[in-house]
Amino acid sequence: MTTDPTSEGFRSMNDAHRVLVLNSGSSSVKYQLLDMRDRSRLATGLVERIGESSSRLVHTPLKGGEPRERTGRIADHSQALEAAADELAADGLGLDSPELAAIGHRVVHGGLKFSQPTVITDEVLKEIERLVPVAPLHNPANITGIRTAQALRPDLPQVAVFDTAFHTTIPEYAARYAIDVETADAHRIRRYGFHGTSHAYVSRRTAELLGRPVSDVNVIVLHLGNGASASAVAGGRCVETSMGLTPLEGLVMGTRSGDIDPAVTFHLKRVAGMSADEIDVLLNKKSGLVGLCGDNDMREIRRRVDEGDERATLAFDIYIHRLKKYIGAYSAVLGRVDAVVFTAGVGENSAPVREAALAGLEGFGLAVDAGRNAVRSGEPRLVSPDGARVAVAVVPTDEELEIAGQTFDLVHN
């Protein structure tokens, strides 16, 4: 579902070239202001601990000027965005500027209805609200951010860019769970996938790195941060992804379990007397790496591994084992793999994770060059040996730039 911005209000924006990107969480707002003429950042910021006495705003102007911080209670998202607007105005980048073309919002769940960036109307907002039951932790915060921004600039196009949109191309046989169809349809139970803006950006940048058209490249993308997901992308279209109805399924993550026998939940209810909410908290916040060894920071886990810590070593091995399973499975799904690409905080920065994940997969044409893999860089790069059958790449993700680009293209085309 998309909206064609053909009204006079949109046409009057043709000379505007800035996009404000908002990522509204339950108690935080991240923002970036970008100049789409050269795709550069003008300012970034984070408002965190909204609603607490210890609220904190950090604002960084990126074309001169030092980071600024303010602390003290910020009661709600409205105050948070107003505070961010004040900081931008102090740099001459106010939200009332005629150079501001649109505000782009990260929206986590768009279901099946939204496969493209979409100008937000009352109807669109109602549909995002209808999806709250399948994204109870994320969509309500996204909605709050949208409404707050609308109140500040009711005349400005507001665009929703959905985490799930890139994955709407997954075939029905890969998206369906093997449960009763009527029950699944009644409650919207299927694989949706997440981190879609990252997977879209990284798969496209990987094709550019290889010097080949996107339509000619099959890529396995490994987005490894505190949240982690894998995707199989064939010719620019996602055909499989590891996260499902929610972001809980798939890889081992910082605090999430990833794949688990569904009967574990029944067992915990019957044997441990745990409620549904308690099990939810266990699997989403007390599992994954933190559940296995007490740490969810891969740097700390690697330090402990190097010191011989058995719990950290086991946690790392479980993490890597799951990664290898997905690389192998997605190689089978794609049939031909041109590149395996690592991205996000862990994927971009942890050479040991990249090396361990591909160790023993030489039969798949996969290997890393130790020297290249050890290099730290903020640029897309190959870390596979010369002549490797399958390229191994590290491509820094840029979800905010992807959101800004999709937003700007929508309101200006």
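Author: Arg49 is partly exposed, with a relative accessible area of 33%, whereas Glu48 is buried at 19%; here buried means under 20% relative accessible area, exposed over 50%, and partly exposed in between, computed with a 1.4 Å probe on protein chains only. The model is predicted, so that local features need pLDDT of at least 70 and side-chain atom pairs count only at pLDDT 80 or more, while totals for chains, interfaces and linings use all residues. Residues are numbered from 1 along each chain as its sequence is written, and side-chain values use heavy atoms, with hydrogens and water left out.

The side chains of Arg49 and Glu48 meet in a salt bridge at 3.9 Å, N to O, a salt bridge being a side-chain nitrogen of Lys or Arg within 4 Å of a carboxyl oxygen of Asp or Glu. Both residues belong to a network of salt bridges that also links Arg56 and Glu69.

Between Glu69 and Arg56 the closest N and O atoms of the salt bridge are 3.1 Å apart. This pair links distant parts of the chain, 13 residues apart, with Glu69 in strand 5 (residues 68-71) and Arg56 in strand 4 (residues 56-61); helices (H or I, at least four residues) and strands (E, at least two) are DSSP runs numbered from the N terminus. Glu69 is exposed at 54%, and Arg56 is partly exposed at 25%.

Arg68 forms a salt bridge with Glu87, at 2.9 Å between the closest N and O atoms. Because Arg68 lies in strand 5 and Glu87 in helix 2 (residues 77-90), the pair ties together parts 19 residues apart in sequence. Glu87 is buried at 9%, and Arg68 is partly exposed at 27%.
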